[in-house]
Amino acid sequence: MEVSPFVLLVSRLQFAMTAFFHFIFVPLTLGLSTLSAIMLTLHYSTGKEIYKDMAKFWAKLFAINFALGVATGLVHEFEFGMNWSVYSRFVGDIFGAPLAIEGLMAFFMESTFMGVFLFGWDKVPKSVHLLSAWLSSIGSNLSALWILIANGWMQHPVGAKVEMAAAGKRAVLADWWTVVFNPVADVKFWHTTTAGMILAAVFVLSVSAYHLLRKQHVEFFKKSAYIALVFGLIASVGELIIGDLHAHEVAKTQPTKLAAMEALWETKEGAPVLIAAWADEKAQKNVIEIPLPIPGLLSFLATHDFNGKILGAKELQKMFEAQFGPGNYIPPVNFIFWAFHLMVYLGTFFVFLFAWGLLKYKNLENATGFLKVALYSLPLPYIACWLGWATAEVGRQPWIVYPLTDDYGKILMPEIGLKTAQAVSPLTSIEVIITYVLFALTFTGLAIADFYLLAKFASKGPEKEAELY
Amino acid sequence: MHFDLQTIWAILVTILIAGYIITDGFDLGVGILHLIVAKTDIERRVNINAIGPVWDGNEVWFITAGGAAFAAFPELYAALFSSLYIALFIVLLALIYRAVSFEFRSKEESESWKKFWDQSIFWSSLIVALLIGVAIGNVLAGLPIKNMAIEGNELLGFVYAERFPISFINLINPFQFHGLFGLLVGITTVLFVIMHGVSWLLWKTEGSIAERARNVGLKVWLPFVIMYVVCTGLAYTISFKVNDPELAKKYLQLPPDMFQQIASMLDENGVLHHALFRFPAIELTLIVLAALSAVGWLLAVRAANGARAFLFSTLTFIFAGFAVMFGAYPLAVPSSIGLEHSITIYNGSSSQLTLTVMLVAAIIFTPIVIAYQAWVYKMFLFKISPESIKRELEEASEH
């Protein structure tokens with residue numbers, strides 16, 4: 001039974017689409033749950049009413065956003081079995097466990113205590129209310145941990161072996177703690193949750209800038225902006241360091257992804273970083289490249305040695321062909337290069353944005369230039385998150401489970417590699433088209449309704465309202 | 001019955017599914033009752049707020065049951081979800097609309113906006129309950145799945161032999177046994193969640209909504225009991241055929257004595273009669289207990305005692321759910337093509353190591369989850385009514 005290339009294509013598009021929709025809502029949940037817990041803590045520790053209004057206002061926006069995060073996340077969990085049944089049965093022994101533990105340990109905690117936080121005002125004791133806000137925030141970040149352990153395993157499948165079972169070949173767990181402490185998963189966790197914090201900080205800053213530009217609720221939004229600026233500066237500086245650690249892990253474990261991220265065709269010692277490049281992918285060379293004038297910087301970042309050797313795409317292609325037979329083993333270079341570089345440029349911009357805001361803070365309501373930039377920066381962290389995911393997931397292609405690799409290109413376990421083309425469910429074209437179109441329409445419609453409500457409540461400012469559905 | 005890891009996991013997954021139907025079941029029921037028991041805008045807000053702080057925690061049971069099935073029985077997860085592709089897709093769409101309906105409905109003043117989301121709450125709740133029942137019924141009656149390893153394929157696993165659109169139509173085709181049985185179990189499930197929703201509304205609300213809910217409850221009891229009896233009767237007639245005992249022995253991977261026990265029950269044509277009633281004593285006990293609980297529920301609703309009604313509707317489902325699980329054991333998805341192609345809890349499960357790791361996680365976290373969910377429920381179990389909601393809205397607008 002051969003699955004048609006069309007079913008494969010639509011299944012991939014559908015997964016990418018639902019993942020992108022999901023990731024509109026998730027990073028804000030991760031960061032804003034922490035920010036509103038901080039505000040609530042300030043309220044209960046200082047007794048000041050303004051922090052109570054702040055916690056209520058931002059938690060309301062959080063709740064509108066959360067419903068769609070859950071709804072789109074639900075699709076994902078079932079989409080593995082629905083569209084990627086061969087993948088699911090091949091990896092289920094390992095991949096399923098973190099997903100199940102995510103539900104049991106993290107997601108229950110997040111959603112149950114979020115209910116207490118949102119509806120418990122004056123109904124539960126203060127200490128319980130505060131604890132609930134923090135448990136909900138911890139729950140959402142723990143949830144990210146388990147999901148990224150699952151995703152990290154697809155990138156770097158450690159702690160597993162391959163065996164024949166009653167219904168065919170599959171990967172089985174060899175060592176649980178190796179899977180949990182997978183270095184790739186762990187840097188991914190820090191990278192993603194920090195991104196969520198930056199995004200939430202920009203969100204709070206941007207909404208605050210909107211009101212400050214109109215000189216309304218000045219004290220309220222100045223205080224909100226201050227929390228966002230401090231939180232955001234810490235997170236964005238941290239992200240530069242974590243991002244560097246992450247790239248270092250990629251260099252070790254996914255050499256083809258790194259070669260595409262840096263448009264590196266020839267194997268090089270002392271490779272420079274390119275600030276811009278355009279590749280002719282057929283001819284396997286760059287048409288344009290503008291290097292940063294620091295020799296060996298890429299080698300240093302990737303291997304922590306200025307003369308370190310990095311394998312180029314050409315050599316990797318030959319190496320993979322020898323190991324796995326004919327096929328294209330290099331992901332789309334221009335796409336990955338620009339997705340990765342734009343993400344890095346945006347990440348750097350956020351550091352400046354937060355630092356600029358803190359410098360202007362004393363007279364923030366009159367710093368029109370800064371407030372305008374802050375207001376229009378709202379889409380940028382979302383774009384940065386998407387670009388990051390695109391780099392990670394498209395950069396993994398043609399693999400859905402990357403063959404276990406370490407030490408900058410030593411393939412340790414070729415048999416565990418599974419190509420995306422092998423992993424798709426044996427469905428018909430009509431089925432995948434129906435679900436693709438209806439998911440696209442539904443998510444677009446709901447996202448519009450969601451943005452409308454977010455904009456409505458964000459621009460309304462803090463108002464007393466009953467905590468009711 | 002063997003007390004090995006696979007059996008423990010079969011019980012745990014059943015508990016998670018039961019946990020889902022018990023917790024999300026009542027809010028599905030409240031959703032179906034939304035247009036019937038709540039007429040005015042304030043009443044509808046009461047209805048939604050009756051499940052307000054708890055419904056999304058309830059839905060997590062679904063996510064966790066899905067995750068646990070993926071982790072403990074990956075072959076089952078992969079085969080079932082790709083086989084029931086369109087049906088599951090509709091359930092997901094309905095769950096999405098339901099989630100956002102609650103969130104969006106009261107955030108705009110416009111009449112048509114509210115009406116749209118009210119309708120959405122009703123239909124999405126109805127569809128989820130119906131299709132979950134349809135899926136359970138179809139699986140029990142056997143699906144046309146094939147173990148591709150028998151045909152020498154190393155990767156595909158269990159694959160649905162029918163193609164779309166036949167594969168979907170047959171799930172609700174009343175002229176096919178599994179479709180008919182699926183439909184009937186679906187309707188029974190809808191009636192059950194309505195009963196469970198009635199329990200909750202009696203417990204959580206007072207005034208006009210509780211009164212109307214009680215009347216609905218008194219009306220749905222008899223149809224539910226009749227449907228339950230019909231489904232049980234039909235379930236008794238379900239049989240499966242073994243085409244090749246050697247293949248069954250090799251590919252079902254049952255413990256030898258369990259395989260012997262099943263093999264000894266086959267007739268000369270290889271047919272396993274009354275396949276879901278291989279342990280009639282246990283089966284009958286569970287079914288009778290479920291029926292007694294349903295009677296207890298009726299008495300509680302008559303007495304307008306919400307807490308007691310909730311206990312009895314919960315018990316009804318627990319007994320009925322375990323009757324289903326024990327009936328099918330050790331089969332997870334019986335194949336209607338030939339029993340040797342079935343997914344069992346043995347050939348469909350994860351490795352011993354994964355099952356052990358997951359068991360440790362479940363032993364640690366499940367009691368914690370149940371404890372704090374129970375605690376949250378207790379905290380939010382104050383009664384609400386149209387009057388109390390009105391008061392809360394007025395107080396907020398006075399500030």
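Analyst: Gladly. This is a predicted model. In chain A, 22 residues of domain 1 are in contact with 23 residues of domain 2.

User: What makes two residues count as in contact here?

Analyst: Their C-beta atoms, placed from the backbone, must lie within 7 Å. On the domain 1 side of chain A, helix H7 (218–253) and helix H11 (333–359) each supply at least two of the touching residues. That side divides into twelve nonpolar, eight polar and two charged residues.

User: Where do the domains of chain A run, and what separates their centres?

Analyst: Domain 1 covers 5–254 + 331–460, and domain 2 covers 255–330. Their centres, taken over C-alpha atoms, are separated by 29 Å.

User: How do you know whether the radius of gyration of chain A agrees with that of a compact globule?

Analyst: Set the value against the rule. A compact globule of 469 residues would have a radius of gyration near 23 Å; chain A has 23 Å, so the two agree.

User: What makes a residue of chain A buried, and what share of them are?

Analyst: A residue needs 20 or more other C-beta atoms within 10 Å of its own. In chain A, 55% of the 469 residues are buried.

User: How many residues does each chain bring to the contact between A and B?

Analyst: Chain B brings 73 residues and chain A brings 63. On the chain B side, H5(B) gives the most, with 14 residues. That side of chain B splits into 45 nonpolar, 19 polar and nine charged residues.

Key:
Residues are numbered from 1 along each chain as its sequence is written. Chains are lettered from A and ligands numbered from 1 in the order in which they are written. This is a predicted model: local features need pLDDT of at least 70, side-chain atom pairs count only at pLDDT 80 or more; totals for chains, interfaces and linings use all residues. Helices (H or I, at least four residues) and strands (E, at least two) are DSSP runs, numbered from the N terminus. Ala, Val, Leu, Ile, Met, Phe, Trp, Tyr, Cys and Pro count as nonpolar, Asp, Glu, Lys and Arg as charged, and the others, Gly among them, as polar. Domain bounds come from an automatic or database domain assignment. The radius of gyration is taken over C-alpha atoms; the globule rule is 2.2 Å times the number of residues to the power 0.38. A residue is buried if 20 or more other C-beta atoms lie within 10 Å of its own, exposed if 12 or fewer, and partly exposed in between; C-beta atoms are placed from the backbone.
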